[in-house]
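Biologist: I would like to go through this model and hear the grounds for each term used. Please set each value against its cut-off.

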Amino acid sequence: MNNKISIRIDGELIPATPGASLLETALAHGKFIPSLCHMKGLSSVGACRLCLVEVAGVNRLLPACTTPVQDGMSVTTQSDKLRRYRKITLELLFAERNHVCAVCVSNSHCDLQSLAQRLGVTSVRYPYTFPKVPVDLTHKKFALDQNRCILCTRCVRVCAEVEGAHVWAVSSRGVGSRLVCELNRAWADSRY
Amino acid sequence: MSKAKVATVWLDGCSGCHMSLLDIDELLIDVLRKADIVYGPLVDAQEFPDNVDVTLVEGAVSSQDDLRLVQKIRQRTKLLVSLGDCAVTSNVPSMRNPLQPKVLLQRAYVEGADVNHRPPTDGVPALLRHAVPVHEVVKVDLHVPGCPPKADAIAFVVTELLESRKPDLAGKVKFG
Ligand code: SF4
Ligand code: FES
């Protein structure tokens, strides 16, 4: 095909499709770039910053999930600098909410937990913040526990882009950001 | 060669990490050939001794007593290991942290009690505002997460330390 372009990932020449993201391209070729907010089939928002990579000629790190491939691009996905930043990012996620893995329903099938293991995070160097965050138990079938939320917004995007229901959104800013149901009402009061 | 002095201590934890330590089974015999256990729930010493080579700390730092003890331990220990999620992350004990201790005691000992509606005061140490990981109050040399850490991981850690090597746990352990 003549609309193929090529990029270099960690020195290896790799064919790519124009319009595809760096992350998709790397994953399709068996490369490992850590990610948490990316989910196949959804738009990419660059929320978690785990997929940061180095691109030759660019003097800052770029999220692979929202960076489109360009012909001739040269990308580094593994370096001491990236390993350091990825660990920092994970540790900040742990410090920001109450992630009590031992009693969590997702223990042993959790992307955050397994990524920490894979990237060698064995402790969190930042003080835990122990925030008091809401748990919505009003719905008949489901519960929302924001203690474990990392604001990846996968649920927001699945609800909007796959279901077309647009129930979920994020309100407020920074560490005060919270997932909200239909402009901040109890889940039981939603149509869903 | 003189034997290494190893201590263990049980702060705010459930003793599960000590159970997992005992689960290293026959390796305990090797360990005891190379080391004396000089303090902790497994032995009878009353006072934390001087010049301890390795101390394994189970549990979060939750009370004034925990804090004083762990500070003393740090002064008297060459290599301090946080053993298990309670020590490493403050884990289950930290679940009280979003509540003020006063509110917590009220919930547990007044609203939740059938008789004697008052928080205990005699012989119990005051709670700190937060149950915190050990490394938030003293320097920790090695973190061994897991609730509890698997016996294999503990065996690896203890064997390496007794050979004077620093175990590399990356990828071998996980939270939870
Ligand atoms: S880490 Fe788990 S097993 Fe160890 S003391 Fe805490 S609750 Fe118990
Ligand atoms: S996967 Fe790229 S920022 Fe989350």
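Modeller: Between chain B and chain A about 1800 Å² is buried, and carbon and sulfur atoms give 66% of that area. B:P98, B:K174 and B:F175 supply 33% of the area that chain B buries against chain A, more than any other three residues. The model is a predicted one.

Biologist: How many residues of chain B and of chain A are in contact, and what makes a pair of residues a contact?

Modeller: Contact requires heavy atoms within 4.5 Å. On that criterion, 26 residues of chain B are in contact with 22 residues of chain A.

Biologist: Why is helix 2 of chain B called roughly parallel to helix 6 of chain B?

Modeller: The axes of helix 2 (residues 27-34) and helix 6 (residues 151-162) of chain B cross at roughly 25° and come within 11 Å. Angles under 35 degrees count as roughly parallel, so helix 2 of chain B is roughly parallel to helix 6 of chain B. The crossing of these two helices of chain B is left-handed.

Biologist: Which residues make the contact between helix 2 and helix 6 of chain B, and what is its make-up by class?

Modeller: From helix 2 of chain B come B:L27, B:V31 and B:K34, which meet B:A155, B:V158, B:T159 and B:L162 in helix 6 of chain B. By class, this contact of helix 2 with helix 6 of chain B has five nonpolar, one polar and one charged residues. Lys counts as charged, so B:K34 is the charged residue in the contact.

Biologist: What is the make-up by class of the contact of helix 2 with helix 3 of chain A?

Modeller: A:L90, A:L93 and A:F94 in helix 2 of chain A meet A:L112, A:L115 and A:A116 in helix 3 of chain A. The contact of helix 2 with helix 3 of chain A has six nonpolar, no polar and no charged residues. Leu, Phe and Ala count as nonpolar, so the six residues fall in that class.

Biologist: What makes phi of A:S108 worth a remark?

Modeller: Most residues other than glycine have a negative phi. Phi of A:S108 is near 75°, a positive value in a residue other than glycine. A:S108 lies in the loop between helix 2 (80-96) and helix 3 (111-118) of chain A.

Biologist: Which peptide bond is cis, and what is its omega?

Modeller: The cis peptide bond joins B:C147 and B:P148, with omega about -10°. Most peptide bonds are trans. B:P148 is placed in the loop between strand 7 (142-144) and helix 6 of chain B.

Biologist: Which residues are around ligand 1?

Modeller: Both B:C147 and B:P148 are around ligand 1, and the others include B:E58, B:D85 and B:N91. Helix 1 (16-22) and helix 4 (85-89) of chain B each supply at least two residues of this shell. By class, the shell around ligand 1 has five nonpolar, five polar and two charged residues.

Conventions: Residues numbered from 1 in each chain as written. Chains lettered and ligands numbered in written order. Predicted model: local features only at pLDDT ≥ 70, side-chain atom pairs only at ≥ 80, totals over all residues. Heavy atoms only, no water. Near = heavy atom within 4 Å. Helix = DSSP H or I, 4+ residues; strand = E, 2+ residues; numbered from the N terminus. Axes fitted to C-alpha atoms, helices over the stretch in contact; angles between N-to-C directions. Parallel < 35°, antiparallel > 145°, perpendicular 65-115°, else oblique. Left-handed = near helix turned anticlockwise from the far one by under 90°. Buried area = accessible area lost by both parts, 1.4 Å probe.
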